[in-house]
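Visitor: I'd like a walk through this one, a few questions at a time. Could you put it up on the screen?

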Amino acid sequence: MIPYGRQDISEEDISSVIEVLKSDFLTQGPVVPAFEQAVANYCGVKHGVAVNSATSALHIACMALEVKKDDIVWTSPITFVASANCAIYCGANVDFVDIDPITYNMSLIALKEKLQIAETNGKLPKVVIPVHLAGQSCEMEEISLLAKKYGFKVIEDASHGIGGKYKGLPVGNCKYSDITVFSFHPVKIITTGEGGMCMTNDSELAKHLTRYRSHGITRHSSEMTQIPDGPWYYEQIELGYNYRMTDINAALGLSQMKKLNMFVTKRHQIAKVYNEKLHETSSILLPFQHKDTYSAYHLYIIRCKQFSKGETRLQLFEKLRSAGILVNLHYIPVYRHPYYQKLGFKREDFPEAENYYAEAISIPIHTVLSDEDQKFVINQIIKPIGHQNLF
Ligand SMILES: *Cc1c(COP(=O)(O)O)cnc(C)c1O
């Protein structure tokens, strides 16, 4: 079996985790802040707030930006459901901006049009959540200009994006956003088992994020509203959750950070081989790379142009799966899920997401993919359907 993505764990990673297991703190010890600092330094951003998943990170990011009942939040339909669910957790209404047919990220043209209409109707979003699909950054400078013009906040869902760059700067540096979120799920670029992080340059937002991940509790007297009546004293000043990352997970993350650049370089090498070997396959469209971006290449997405009755993609998918290649489809448009269908979304409103959904396949890309396995994947893609395998 060749998975589309998987973790890469070294002996050094394992020793780092064991060290924590033998230490005094399994959680709320020194390793979480060290991991936060390492990621913040890498991104050139002031604060990192680690949590137990990117889903939690997206939730507290919405809370910190004061997303409340009846507020409006927009994201891309081609994403994991968590990018939209986070707003619904806060009681807000979600809407989707159709994707760009070339990058598959949120379309700037569609965003501009939707903003103009929303302004006329008095229904502007409070927060927009662009998603860096496959690890390629959205056009953040343009989005940030629109954010200023229309007065919305921006959360980058960079769950695929750590290690990538936009206009020469690391994704996560928040030059063009309020908060950026990373995921450390095992299929992502680096892993902590489960985990996520909010990055921000805003110290006030960082304080809120830090409290929301731990019940809304503070131990800083400067944040308290009453006089401490003893050394045991702490205060819950708002409503938060237990979204903390453990030191065990953070140790794995801290160790993985040392290999982040190597991981992304390896992913680029794999992408280069696919680009070279597949570019003459006329029925397949390869991933476009915008000149302003350096992708983290979490995914390598091909699009299968359909010749007859929509069969080509399904046939290719089934052929690869039956050859033991665990291809996948990222993603089912969020509005197609029954939960979102009940909210009244119509497929016709998102023609580019629908076209994408009819054609996309994610083929294996990860750092433990061997050259032989990649060759096997390429040969399976190129060989005509029904053709006998000769090697
Ligand atoms: C993986 C992912 C998430 C959720 O990440 P978790 O860490 O599993 O909660 C959110 N958004 C996108 C785009 C993702 O790919």
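Visitor: In which loop does Tyr-331 lie?

Guide: Before that, some ground rules: this is a predicted model, local features need pLDDT of at least 70, side-chain atom pairs count only at pLDDT 80 or more, and totals for chains, interfaces and linings use all residues. Residues are numbered from 1 along each chain as its sequence is written, and side-chain values use heavy atoms, with hydrogens and water left out. Helices (H or I, at least four residues) and strands (E, at least two) are DSSP runs, numbered from the N terminus. As for Tyr-331, a cis peptide bond with omega of about 10 degrees joins His-330 to Tyr-331, and Tyr-331 lies in the loop between strand E16 (325-326) and helix H11 (338-341).

Visitor: Which residues come nearest to the ligand?

Guide: A residue counts as near when one of its heavy atoms lies within 4 Å of the molecule. The shell around the ligand divides into 5 nonpolar, 8 polar and 2 charged residues; here Ala, Val, Leu, Ile, Met, Phe, Trp, Tyr, Cys and Pro count as nonpolar, Asp, Glu, Lys and Arg as charged, and the others, Gly among them, as polar. Helices H3 (54-64) and H4 (82-89) each supply at least two residues of that shell. Of the 15 residues around the ligand, the ones that come nearest are Thr-55, Asp-157, His-160, Ser-183 and Lys-188.

Visitor: And how much of the ligand's accessible area does the protein cover?

Guide: Start with the polar contacts (pairs of N or O atoms within 3.5 Å; within protein, one must be able to donate a hydrogen and the other to accept it, and residues adjacent in sequence count only if both atoms are side-chain atoms). Ligand oxygen atoms lie 2.5 Å from a side-chain N or O atom of Thr-55, 2.9 Å from a backbone N or O atom of Ala-54 and 2.7 Å from a polar side-chain atom of His-160. Areas come from the Shrake-Rupley method with a 1.4 Å probe; for residues, only the protein chains shown count as cover. Of the 380 Å² of accessible area that the ligand has on its own, the protein covers 93%.

Visitor: Why do the buried residues of H6 line one face of the helix?

Guide: Buried means under 20% relative accessible area, exposed over 50%, and partly exposed in between (1.4 Å probe, protein chains only). In H6 (residues 140-150), Met-140, Ile-143, Ser-144, Leu-146, Ala-147 and Tyr-150 are buried. Seen down the axis, with directions taken from the helix axis to the C-beta atoms, they line one face because they fall within an arc of 160 degrees.

Visitor: Which residues are exposed on the other side of H6?

Guide: The buried residues pack against helix H5 (108-121), strand E6 (153-157) and strand E7 (165-166), where contact means heavy atoms within 4.5 Å. On the other side of H6, the exposed ones are Leu-145, Lys-148 and Lys-149.

Visitor: What is the relative accessible area of Thr-218?

Guide: Thr-218 sits in strand E11 (residues 217-218). Residues up to four places away in sequence aside, Thr-218 touches Arg-211, Glu-223, Met-224, Tyr-234, Glu-235 and Ile-237. Thr-218 is buried, at a relative accessible area of 2%.

Visitor: Last one: what is the phi of Cys-174?

Guide: Cys-174 is in the loop between strand E8 (169-170) and strand E9 (179-183), and is buried with a relative accessible area of 6%. Although Cys-174 is not a glycine, its phi is positive, about 60 degrees.
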